[in-house]
Amino acid sequence: MEPVMHQVLSRFFQRLHVTSLFPRRSHSGSVEHVAAPASPHSTRTRPTLLVSRLYQPSNLRDVGLPGEMTCRSQRLMQQAGLIHPSSPGCFYYLPATVRSMEKLVRVIDQEMQGIGGQKLDMPSLCSADLWKTSERWDLMGKELFRLKDRHEVDYCLGPTHEEAVTTLIAHQTTLSYRQLPLLLYQITKKFRDEPKPKFGLLRGKEFYMKDMYSFDMSEEAAYQTYESVCQAYTRLFTRLGLRCVQVQADTGNIGGKLSHEFQLPADIGEDRLLVCGNCSFSANVETLTSDRCRCPQCKTGTLVESRGIEVGHTFYLGKKYSYVFSATFNNPQNKYSVAEMGCYGLGVTRILAAAIEVMSTEEGIRWPGLLAPYQVCVLPPKKGSKVGEAAALAEDLVHSLSETLPHLRGEVVLDDRTQMTIGKRLKDASRLGYPYVIVVGQGAVEERPRFEVICQQTGETMFLSKDGLLDLLGNVETV
């Protein structure tokens, strides 16, 4: 009986494979609907990305307590169906947000690996013994999420990983100076028990962060590594089209000898910044204890106060952690030396929210081009309109863009909700922030077809031929 059953099952799964009933995963992780062999009545496959199939439930968009929508980014992200509140300081990240976050992670990976960073992953559940050894178990106070396992052993949910990574290096007793500088980083969820979480993703109890840790053989080499990371951060924000200011900062409970914050100027920002109009000096106001009007660097410039959102922070730690945990390397004399350290953070989810905060209008989201969930949205005419034949042209356009411009595969969606007017769908497209919206209407069925193209970041509207459209979108940068 068993051999017969095996043959039946084998033929069954072969048939499934041949007809391609299983969805295939694209490189982006989205499901591609692979059609079965076409029937005589079928001329095209169903478009992969349809707005009607995207999970952005409208009934979740305005859920929240009165007074919670205290900043633009939170209101826009929730109204667009990008996030949904779970509990104070905690959110569901819906699919479009995850797409944007994955794109940001790819940009961060490129910049960190470009300076020699190597990616790893460390436990979120951290032993209390490590934190007690560094004396931060008590120093962190109520901000640290603490818990016990069934054996009454103390742990914390990691807000940062200086102790963990230094212990890892300490366990490697064969580390050579030839392997330095060593830059290890991760991008993981972090936890901090904020007393008053607010501003959506700008200040929450759990969030995603990139934290990198460097190990060098000398103080001079450590400063060089520190500077290379700061330059990589500057390149990152330049690529995203965000104006970011590097300011002197306090080392706080992380400690160390030197610290800088990377701030996006914004009125909603919680940090107060002082910037000299005469030279390159800038600092967090908390680092200046004396004259806050005259620049301490050039001595002649006037310091102007503004507000900013902290999106990155760098620290030169020296031997604060490496000495305590005995993180050593073999020096050129084949003797053990204590490594010089630095640590470097980027708020991944905070960068997303801060970018929306500073770039968007009150009516709709404007993304950094690289981070938009989808680059292009194609709008066919309303069902039953006088130019109904343009609907097939819209679907063909989606396929043509993906085939002709490989970098846009998985980046073009068709708003198939043709029971709605073009105006309503345009409003939705503005709310979500597609960089390019293409309206396929009357112009598309004329003798010389034209497409209406709305560039949402600039507010410009153009009427382009298909070749002109391909030229425009061919220059779109994706990651």
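Two strands are taken to pair if DSSP finds at least two bridges between them. Helices (H or I, at least four residues) and strands (E, at least two) are DSSP runs, numbered from the N terminus. The model is predicted, so that local features need pLDDT of at least 70 and side-chain atom pairs count only at pLDDT 80 or more, whereas totals for chains, interfaces and linings use all residues. Residues are numbered from 1 along each chain as its sequence is written, and side-chain values use heavy atoms, with hydrogens and water left out.

In strand S22, glutamate 452 is the bridge partner of valine 439. Strand S21 (residues 436-439) and strand S22 (residues 451-455) run antiparallel and are joined by four bridges. An open sheet of five strands, with mixed pairing, has the order S20-S19-S21-S22-S23. Its edge strands, each pairing on one side only, are S20 (412-414) and S23 (460-464). From one strand to the next, the twist averages 20 degrees. In general, strands of a sheet pair through backbone hydrogen bonds, either parallel or antiparallel.

Two helices lie across strands of this sheet. Helix H10 (residues 390-404) lies across S19 (376-379), S20, S21 and S22, and runs at about 165 degrees to S20. Helix H11 (residues 422-432) lies across S19, S21 and S22, at about 170 degrees to S21. Axes are lines fitted to C-alpha atoms, for helices over the stretch in contact, and angles run from 0 to 180 degrees between N-to-C directions.

H10 also packs with helix H12 (residues 466-474), at an angle of about 50 degrees and with the axes 11 Å apart. H10 and H12 are therefore oblique to each other; angles under 35 degrees count as roughly parallel, over 145 as roughly antiparallel, 65 to 115 as roughly perpendicular and the rest as oblique. Leu397, Ser400, Leu401 and Thr404 of H10 make the contact (heavy atoms within 4.5 Å) with Lys466, Leu469, Leu470 and Leu473 of H12. By class, the residues of the contact of H10 with H12 are five nonpolar, two polar and one charged. Here Ala, Val, Leu, Ile, Met, Phe, Trp, Tyr, Cys and Pro count as nonpolar, Asp, Glu, Lys and Arg as charged, and the others, Gly among them, as polar.

A further helix pair is formed by H3 (residues 95-114) and H9 (residues 348-359), whose axes come within 10 Å and cross at roughly 110 degrees. H3 is therefore roughly perpendicular to H9. Thr97, Ser100, Met101, Leu104, Val105 and Ile108 in H3 meet Val348, Thr349, Ile351 and Leu352 in H9. The contact of H3 with H9 has seven nonpolar, three polar and no charged residues.

H3 and H9 are also among the elements that cover the buried residues of helix H2, together with strand S3 (83-87) and strand S4 (90-93). In H2 (residues 72-79), the buried residues (under 20% relative accessible area; exposed is over 50%, partly exposed in between; 1.4 Å probe, protein chains only) are Ser73, Gln74, Leu76, Met77 and Gln78.

Strand S11 is joined by four bridges to strand S12 (residues 258-265), and the two run antiparallel. Histidine 260 in S12 stands opposite glutamine 248.
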